[in-house]
Amino acid sequence: MSIKEITSYPKERIKILFLENISDRAVQQFKQNGYVNIKKLSGALSEEELIKEVKDVHLIGIRSKTLITKNVLDAATKLQAIGCFCIGVNQVDLKAATNAGVAVFNAPYSNTRSVAELVIGASILLIRRIIDKNNAAHNGIWMKEAKGSYELRGKTLGIIGYGNIGSQVSVLAESLGMKVLFYDTETKLPLGNASSARNLKEVLTQADIVSLHVPETPQTKNLINKAAIKNMKKGAILINYARGEVVDLKALATALTEEHLSGAAIDVFPLEPEKNGDRFESPLQGLKNVILTPHIGGSTEEAQQNIGEDVSIKLFQYLERGITNGSHTVPAIGLPPIEGAHRILHIHKNVPGVLSAINTALSKNNINILGQYLKTNDMIGYAVLDIDKKLSKQAVALLKDIKQTIKIRLLY
């Protein structure tokens, strides 16, 4: 049985909503796999607008700006899965999605290279003070000088967060002759000749350039604040291609104005415009040797295509085979199809006795289980049952009556 096997619910009736101008590659992938009921919108929607749109939607595809709240999930009564066509999933209320039995997938690795290359590019531009010289040239001023302009070779790059992107930046930086010192809250194996620091302060005091690659959590909010900036070397450079809440921008602006820091590159902001052309303001505007970009760290054609393919495949596998590998909400199960059987997906509250109730209900009605898989997390359980084709409809009816059932689907 191939992944293109027709599911019990006709593919042409599965409603898909794509927001924020998701890559056409994703749309092509779905159409090639028989999903034609696709609505694609170029921008994000407010909660009120989204609630109106999701009533009969089975699948939502978003990027970083669309917020999937509990109210949205409550309104999306037919929703099976959410595809986050980006690295993070903090824009989704994961607890509410878990309680609703909605699988949430993302693409944590697909734009790693794009971000890493831009960090290195920004490092070169800032340490050579190209920004100021470029602006002067555009204004008709010839500024040929070496003062304050340095090579990357031999300098120390401090990386905060040594995950997928941070470690890739580390490799690229070493290839240019830089020393790499990193700090991560989890123990990470250094790549190449990179060294692990004991704490954040150790990185800040030694690095010529500090690059941030941490998620947005209560612990990382204003991680780089006035006190942290004071620990940085005089003349150091700060790069943030992580999350907008990680840096106190007013404190950074003061440090740049007072020339404690010599430059900065910021791609993410606490408040970002909803769409292109909207007004944008930042305390860093107009400052010397500062690069401000509109959250484009992963915005390359290659990255968007990779993300479109990665998330699409995960969604196909869930919709058509019940595979949940990579989900942030439904427990991960990956399993092959069984010939001669229909597959039933049963998502339920994780309390004792549910599996026993499932087996009792089926055995009492002489329904044989050809294959059974169960995985749980703290909140829900995900059971996959392969049932004789002749008895699958009866089995679905019986399983719907299990007390702790959240969501049930006859897959094929």
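Does Cys 86 count as buried or exposed, and at what relative accessibility? Cys 86 counts as buried, at 11% relative accessibility. Buried here means under 20% relative accessible area, exposed means over 50%, and partly exposed lies in between (1.4 Å probe, protein chains only).

## Basis of the model

This is a predicted model, in which local features need pLDDT of at least 70 and side-chain atom pairs count only at pLDDT 80 or more, while totals for chains, interfaces and linings use all residues. Residues are numbered from 1 along each chain as its sequence is written, and side-chain values use heavy atoms, with hydrogens and water left out.

## Cysteines

A disulfide is a pair of cysteine sulfur atoms within 2.5 Å. The count by this rule is zero. For Cys 84, the closest cysteine sulfur belongs to Cys 86 and lies 5.2 Å away, which is too far for a bond. Seen from Cys 86, the closest cysteine sulfur is that of Cys 84, at 5.2 Å.

Cys 84 is buried, with a relative accessible area of 0%. Cys 86 is also buried, at 11%.

## Aromatic pairs

The structure holds eight aromatic pairs. Rings of Phe, Tyr and Trp (its six-membered ring) pair if their centres lie within 6.5 Å; planes under 30 degrees apart count as stacked, over 60 as edge-to-face, and the rest as tilted. One of the pairs is Tyr 35 with Phe 316: the ring centres are 6.0 Å apart and the planes meet at 10°, so this pair is stacked. Tyr 35 lies in the loop between helix 1 (24-32) and strand 2 (38-40), and Phe 316 in helix 11 (residues 301-321), so the pair ties together parts that are 281 residues apart in sequence. Helices (H or I, at least four residues) and strands (E, at least two) are DSSP runs, numbered from the N terminus. Tyr 35 is buried at 0% relative accessibility, and Phe 316 is buried at 4%.

Phe 105 and Tyr 318 form a tilted pair, with 6.0 Å from centre to centre and 55° between the planes. This pair links distant parts of the chain, since Phe 105 is in strand 5 (residues 103-105) and Tyr 318 in helix 11, 213 residues apart.

## Cluster and charge

Tyr 35 and Phe 316 also belong to one aromatic cluster together with Phe 18, Phe 30 and Phe 85.

Tyr 318 has a further contact: the charged end of Arg 409 sits over its ring, 5.1 Å from the ring centre. A charge sits over a ring if NZ of Lys or CZ of Arg is within 6 Å of the ring centre and within 35 degrees of the ring normal.
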